[in-house]
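Trainee: I've got a new model open and I'd like to learn how to read it feature by feature. Can you walk me through it?

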Amino acid sequence: MIGRIPFLLALLMLAMLEQTWPAKSQNLAEHPAECRVAEHQVEHNFQLPQVARAIAAKRLSILVLGAGSSLLPGTSGAKYAYPARLQHALEEKLPGVEVKLTTDVRAKRSAAEMVKSLVPALVVAKPALVVWQTGTVDAMQGIDPDQFSHNLDKGINISRSAGADVVFINPQYSPRTESMIALGTYAEIMRWVALQQEVPLFDRFSVMKTWADLGTFDLYSATKKLDMAERVHDCIGRLLADLVTEAAKPDEPHAEGGR
């Protein structure tokens, strides 16, 4: 019995620490370690004023515009894909705020095709934020880079005219296709347009490459397990929620280059 006293005291001290731990440390502790290793790749240089207003009004509506890499297979795929994980993470980070997320996600769509469907999607969703995942299909189809850039600008302008902020998500990284698809060119165009238009960019390519380089996730295997894909999407949703909430803090200056 006497030997158990130090152990019980240690448990009591841990419980007391958990109750007094700073909020930021609690948020970090909620992140799986495999997500955190790529946090330095998440930049939030530009503000999201419409999102800030929506959070203040306790109702945040989001439209996710994307192609095939915003999806997961199976009947429950939507539940575990990053859009749903983003919504879940935001609900945890923003207690008391109603978070509504609508998706306009279809495989094999170029940026131009997404722009065509953007106006009706905006009318239905009435979002404060458009999360736009694009670039991969344009790279696979060899779309003219200038046209790709033009379509990005057009989509941003349409979204802002409808009262929505925009966050870009660039192509995902895959070591198996890196040498076959010129993703780098289109990722750089997205970065340049984001800088010019002051749009936050979630650098999914660099985040996933960091995970691959560190061995956090095996992205090379041709027979990737679905549970690993779900973990990747969960981490993307969590890190994307970090970007959104940090960029929605207009009173706090954001250091150049992210964290």
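This is a predicted model: local features need pLDDT of at least 70, side-chain atom pairs count only at pLDDT 80 or more; totals for chains, interfaces and linings use all residues.

Trainee: Among contacts between residues at least 6 apart in sequence, what share joins residues at least 24 apart?

Mentor: That share is 81% in the protein chain.

Trainee: Let's do the sheet. How do I read the strands?

Mentor: The general idea is that strands of a sheet pair through backbone hydrogen bonds, either parallel or antiparallel. In this case five strands form an open sheet, and the order is E2-E1-E3-E4-E5 with parallel pairing. At the edges sit strand E2 (98–105) and strand E5 (201–202), each pairing on one side only.

Trainee: How many bridges join E3 to E4, and which residues are partners?

Mentor: Strand E3 (residues 129–133) and strand E4 (residues 165–169) run parallel and are joined by five bridges. Val 130 has Val 166 in E4 as its bridge partner, and Leu 129 stands opposite Asp 165 in E4. E4 is also joined to E5, again in parallel, by two bridges; there, Ile 169 has Phe 202 as its bridge partner.

Trainee: And what about the two faces of a strand?

Mentor: In a regular strand the side chains alternate between the two faces of the sheet. For E4, one side carries Asp 165, Val 167 and Ile 169, the other Val 166 and Phe 168, and all of these are buried. Five of the five residues of E4 are buried, so E4 is largely enclosed by the rest of the structure.

Trainee: Can we zoom in on one residue of the neighbouring strand? Is Leu 129 buried or exposed?

Mentor: Leu 129, found in strand E3, counts as buried because its relative accessibility is 0%, and the cut-off for buried is under 20%. Leaving aside neighbours within four places in sequence, the residues in contact with Leu 129 include Leu 48, Val 51, Ile 62, Ala 164 and Val 244. Take Ile 62: Leu 129 and Ile 62 are 67 residues apart in sequence, but 4.9 Å apart in space, C-alpha to C-alpha.

Trainee: On to helices. What describes a packed pair?

Mentor: Two packed helices are described by the angle between their axes and the distance between the axes. Here helix H7 (residues 111–125) packs with H9 at an angle of about 10°, and their axes are 9 Å apart. That makes H7 roughly parallel to H9, because angles under 35 degrees count that way.

Trainee: Which residues make the contact?

Mentor: From H7 come Ala 111, Ala 112, Val 115, Leu 118, Val 119 and Leu 122, and from H9 come Phe 148, Asn 151, Lys 154, Gly 155, Ile 158 and Ser 159. By type, the contact of H7 with H9 has eight nonpolar residues, three polar and one charged. Look at the numbering while thinking of the helical repeat: an α-helix has 3.6 residues a turn, so residues three or four places apart point the same way.

Trainee: Where does H9 lie relative to the sheet?

Mentor: Helix H9 (residues 145–161) lies across E3 and E4, and runs at about 165° to E3.

Trainee: Now the aromatics. How do I read a ring pair?

Mentor: A pair of aromatic rings is described by the distance of the centres and the angle of the planes. The structure holds three aromatic pairs. In one of them, the ring centres of Phe 148 and Tyr 186 are 5.3 Å apart and the planes are at 70°, so the pair is edge-to-face. Phe 148 lies in helix H9 and Tyr 186 in helix H10 (residues 183–197), so the pair ties together parts 38 residues apart in sequence. Phe 148 and Tyr 186 are both buried.

Trainee: And the pair of Tyr 173 and Phe 205: what is its geometry?

Mentor: Its centres are 5.3 Å apart with the planes at 90°, so Tyr 173 and Phe 205 are edge-to-face. Tyr 173 lies in the loop between E4 and H10, and Phe 205 in helix H11 (residues 204–214), so this pair ties together parts 32 residues apart in sequence. Tyr 173 is buried at a relative accessible area of 6%, and Phe 205 is buried at 19%.

Methods:
Residues are numbered from 1 along each chain as its sequence is written. Side-chain values use heavy atoms; hydrogens and water are left out. Two strands pair if DSSP finds at least two bridges between them. Helices (H or I, at least four residues) and strands (E, at least two) are DSSP runs, numbered from the N terminus. Contact means heavy atoms within 4.5 Å. Axes are lines fitted to C-alpha atoms, for helices over the stretch in contact, and angles run from 0 to 180 degrees between N-to-C directions. Rings of Phe, Tyr and Trp (its six-membered ring) pair if their centres lie within 6.5 Å; planes under 30 degrees apart count as stacked, over 60 as edge-to-face and the rest as tilted. Buried means under 20% relative accessible area, exposed over 50%, partly exposed in between (1.4 Å probe, protein chains only). Angles under 35 degrees count as roughly parallel, over 145 as roughly antiparallel, 65 to 115 as roughly perpendicular and the rest as oblique. Ala, Val, Leu, Ile, Met, Phe, Trp, Tyr, Cys and Pro count as nonpolar, Asp, Glu, Lys and Arg as charged, and the others, Gly among them, as polar.
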